Amino acid sequence: IFDLSNERFYHRFQEIYKSELRSAHKFIPRSGKYFSYFDSVFSKAGIPLDAKYLAVAESGLSPLAGSRVGARGIWQFMPATAKGFGMRINDFIDDRQNVFISTEKAASLLKSNYNYLKARGAEDWLLAMCSYNAGVGSISKVVKQQGGKTFSDLILRVDETNKYLWRAIAIKIIFLNEKKIFGKTFARDEYIYDVVRKVHLRLNGYYKIDQWAKMQGTVISKVWENNPWIKIYKRRRKKYSPINDVVLPKGEFDILPPSKLFSDLEGQGVLFLNRYFTCEPGKPQS
C-alpha cells in the first residue's frame with residue numbers, strides 16, 4: 001500500500017517505528033489475550049483484520065487505559081461517542097472498559113465510518129480507520145477540500161491522526177517481524193476465554209456481589225480484576241472514611257469469573273444476592 005521509497009513516507013514511518021519498538025515488550029504479550037477475539041468480531045463484521053492494530057495504537061491493549069481528554073478503555077471511546085453507541089457509564093460501571101462490549105462497538109463505528117466515506121466516493125478502509133481517531137466528519141471534509149480519495153492521497157489536517165495510522169502500520173510490521181527484530185518471540189498471555197468463563201446476571205436493583213462471587217467459586221477481588229468495567233463504589237459515611245464496595249446496578253451483565261474455581265459451589269450465586277441500597281445511590285448508608 002505504501003511506497004517507502006517515497007522519502008516523506010519513509011521518514012514518517014522510520015520515526016514512528018522506532019518509537020513503537022520501545023513498548024513492544026508490553027503490547028506483544030497482551031495480544032495473546034485479545035487478538036483472537038478481535039479477529040472473530042472483525043471477520044463477522046466484514047472489517048479488515050488489521051483493524052486490531054488500532055487497539056494497540058489506542059491503548060497498548062490495556063482496558064484500563066485513559067487519556068487526558070476523557071477517553072477510556074482498550075478502544076479509547078470518548079464519553080459522548082460511547083453513550084451514542086448505547087454504552088453504559090455511571091458510578092458503578094463503564095462499558096468502555098469492557099473489552100467485549102467496546103470491541104463490538106468499535107466494529108460498528110469502523111463500519112459506519114467506512115460506509116459514510118464510501119457514499120462520498122472515498123472507499124478506503126485506511127480513511128475509515130483515520131476517522132476512528134479524528135471523526136468521520138473531519139476526514140470527509142479533507143476529502144472534499146483536497147479531492148483525494150485514499151489515505152496516501154491526502155494531507156490530514158491533524159498530525160495526531162496521521163501519526164495514529166502510521167503507528168498502527170508500524171505495530172503490524174513489528175508483529176510480523178517479531179523474531180527477526182528481537183531475536184526471539186515473546187511469550188503471549190493466555191487467551192481470555194481460556195482463563196475465564198461467562199456468567200449472565202440479571203439484577204432488578206443495586207446489589208453488592210461479594211456473596212455471588214463466592215458462590216461462583218471465587219472471590220470478589222478476582223471478579224473485579226477480570227472485569228475492569230466494574231468500578232469500586234465508595235460508600236459515603238457520616239463520620240468516617242468511605243467504604244470500598246463492588247456494587248452492580250439494575251440491568252443485565254455478562255460477568256467473567258476465573259475458570260479455576262476456589263470451591264465447588266458454582267452457579268448458585270444469584271440466590272444469595274441481597275439488595276444493597278435502601279435509599280438512592282450516593283446518599284449515606286446506615
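Modeller: A residue is termed buried when its relative accessible area is under 20%, exposed when that area is over 50%, and partly exposed in between, with a 1.4 Å probe and protein chains only. The model is predicted: local features need pLDDT of at least 70, side-chain atom pairs count only at pLDDT 80 or more, and totals for chains, interfaces and linings use all residues. Residues are numbered from 1 along each chain as its sequence is written, and side-chain values use heavy atoms, with hydrogens and water left out.

Colleague: Which residues of helix α7 are called buried?

Modeller: In α7 (residues 136-146), they are Ser-138, Ile-139, Ser-140, Val-142 and Val-143. A helix here is a DSSP run of H or I of at least four residues, a strand is a run of E of at least two, and both are numbered from the N terminus. After α7 comes Gly-147, with a positive phi near 85°.

Colleague: Why is Gln-76 called buried?

Modeller: Its relative accessible area is 12%, which is under the limit, so Gln-76 is buried. Leu-61, at 2%, is buried by that criterion.

Colleague: Which residues is Gln-76 in contact with, leaving aside its neighbours within four places in sequence?

Modeller: They are Glu-58, Ser-59, Ala-65, Gly-66, Ser-67 and Ala-71, where contact means heavy atoms within 4.5 Å. As for Ala-65, its backbone oxygen lies 3.1 Å from a polar atom of the Gln-76 side chain.

Colleague: How do you know that Asp-39 and Lys-52 form a salt bridge?

Modeller: The term requires a side-chain nitrogen of Lys or Arg within 4 Å of a carboxyl oxygen of Asp or Glu. The closest N and O atoms of Asp-39 and Lys-52 are 3.1 Å apart, so the pair qualifies. Asp-39 belongs to helix α2 (residues 24-45) and Lys-52 to helix α3, 13 residues apart. Asp-39 is partly exposed at 23%, whereas Lys-52 is buried at 8%.

Colleague: How many salt bridges does the structure hold?

Modeller: There are 9. One of them joins the side chains of Arg-88 and Asp-95, at 3.0 Å from N to O. Arg-88 is partly exposed at 29%, and Asp-95 is buried at 2%.

Colleague: What parts does the salt bridge of Glu-252 and Arg-202 tie together?

Modeller: The closest N and O atoms of Glu-252 and Arg-202 are 3.2 Å apart. Glu-252 lies in strand β6 (residues 251-255) and Arg-202 in strand β1 (residues 199-203), so the pair ties together parts that are 50 residues apart in sequence.

Notes:
A polar contact is a pair of N or O atoms within 3.5 Å; within protein, one must be able to donate a hydrogen and the other to accept it, and residues adjacent in sequence count only if both atoms are side-chain atoms.
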